Amino acid sequence: MDIEGRLAERDRSSCSGPEHEERSRSSHTPEDPPEQPSAEQPPAEEPSAEQPPDESRPSAGAPGARPWRRAALLAAVSMALVLLVSGFVVQPFQIPSGSMETTLRPGDRVLVNKLAYRFGDDPRRGDVVVFDGTGSFLQEETSGNPVTGVLRKAAAAVGLAEPAETDYIKRVVGVGGDRVTCCDKRGRIEVNGRPVNEDYLYPGDTPSQVPFDTVVPEGRLWVMGDHRSASRDSRDHLGEPGGGTVPVDQVIGRADWIGWPFGRWSRIRGPEVFAHVPAPGAATGGAHG
């Protein structure tokens, strides 16, 4: 008898019945209890489609999501406007020394009108002007860290720092064609032969302890500080190119107001002492010196 063949046939028939096929389709029969979740791992709760989103967290595009960005943008725009105004209209200028006392004191902030001479007007005798002294008071440009220079220039443009070493503030005493001399028998400066009573000088100062006699070239200015004994001005550069005079196109603007401190808020008015000075060439006598 073929016993091994019958055993193999029996094994195949026992696995091919309908009951075995039904069990192979499912992991448990209806009678088996459903698998219970573990107490250590609670079932994850699926979010409901109708549940509203959590509004306690502002989205990236919400108005209050980045308040510092708005503040930074506002500060940048404000600074750009201030620099634009100070660059073309009015610039604060911090007085660095006592050379213009008592009209201007160290630490004063004056408002420089940059439009004063932009539309055909030229500086007049008695005007207090801010100018770039490169090429006249300074023959060579000062060198330094370019980054520091830019930061200082920006701070000076809004009156938060002293101006650059090349910027000066002085009073115009003579304009192109004027003959300016010092001094007459009473110690006064003469402009085109007319003595000038400079009532704005620092108390106790003389108009000048240095005698001079010069004719101002056309397109240039003769400038002096009001505190004559503490001012380095046109008198100190007589032997240099330009004879101590400043080109008109180097003038940054006219100082019109004292803006700080508040207790000194006032307008800087041109003195009347130059009102009777004759025009250039009207004076008698030739130029010399």
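Reader: Below what relative accessible area does a residue count as buried, and is Gly-174 buried or exposed in this model?

Author: Buried means under 20% relative accessible area. The model is a predicted one, and Gly-174 is found in its strand 4, residues 167-174. Gly-174 has 0% relative accessibility, so Gly-174 counts as buried.

Reader: Which residue is 42 residues apart from Gly-174 in sequence and 6.8 Å apart in space?

Author: Beyond its neighbours within four places in sequence, Gly-174 is in contact with several residues, including Val-180, Arg-220, Leu-221 and Trp-222. The distance of 6.8 Å, taken C-alpha to C-alpha at a separation of 42 residues, belongs to Val-216.

Reader: How many aromatic pairs does the structure hold, and why is the pair of Trp-260 and Phe-262 edge-to-face?

Author: There are six aromatic pairs in the structure. Planes over 60 degrees apart count as edge-to-face. The ring centres of Trp-260 and Phe-262 are 4.8 Å apart and the planes are at 75°, so this pair is edge-to-face.

Reader: Which residue forms one aromatic cluster with Phe-131 and Phe-137?

Author: Phe-131 and Phe-137 form an edge-to-face pair, 5.3 Å centre to centre with 85° between the planes. Both Phe-131 and Phe-137 are buried. The cluster they belong to also holds Tyr-168.

Methods. Residues numbered from 1 in each chain as written. Predicted model: local features only at pLDDT ≥ 70, side-chain atom pairs only at ≥ 80, totals over all residues. Heavy atoms only, no water. Phe/Tyr/Trp six-rings, centres within 6.5 Å; stacked < 30°, edge-to-face > 60°. Buried < 20%, exposed > 50% of the residue type's maximum accessible area, 1.4 Å probe, protein only. Helix = DSSP H or I, 4+ residues; strand = E, 2+ residues; numbered from the N terminus. Contact = heavy atoms within 4.5 Å.
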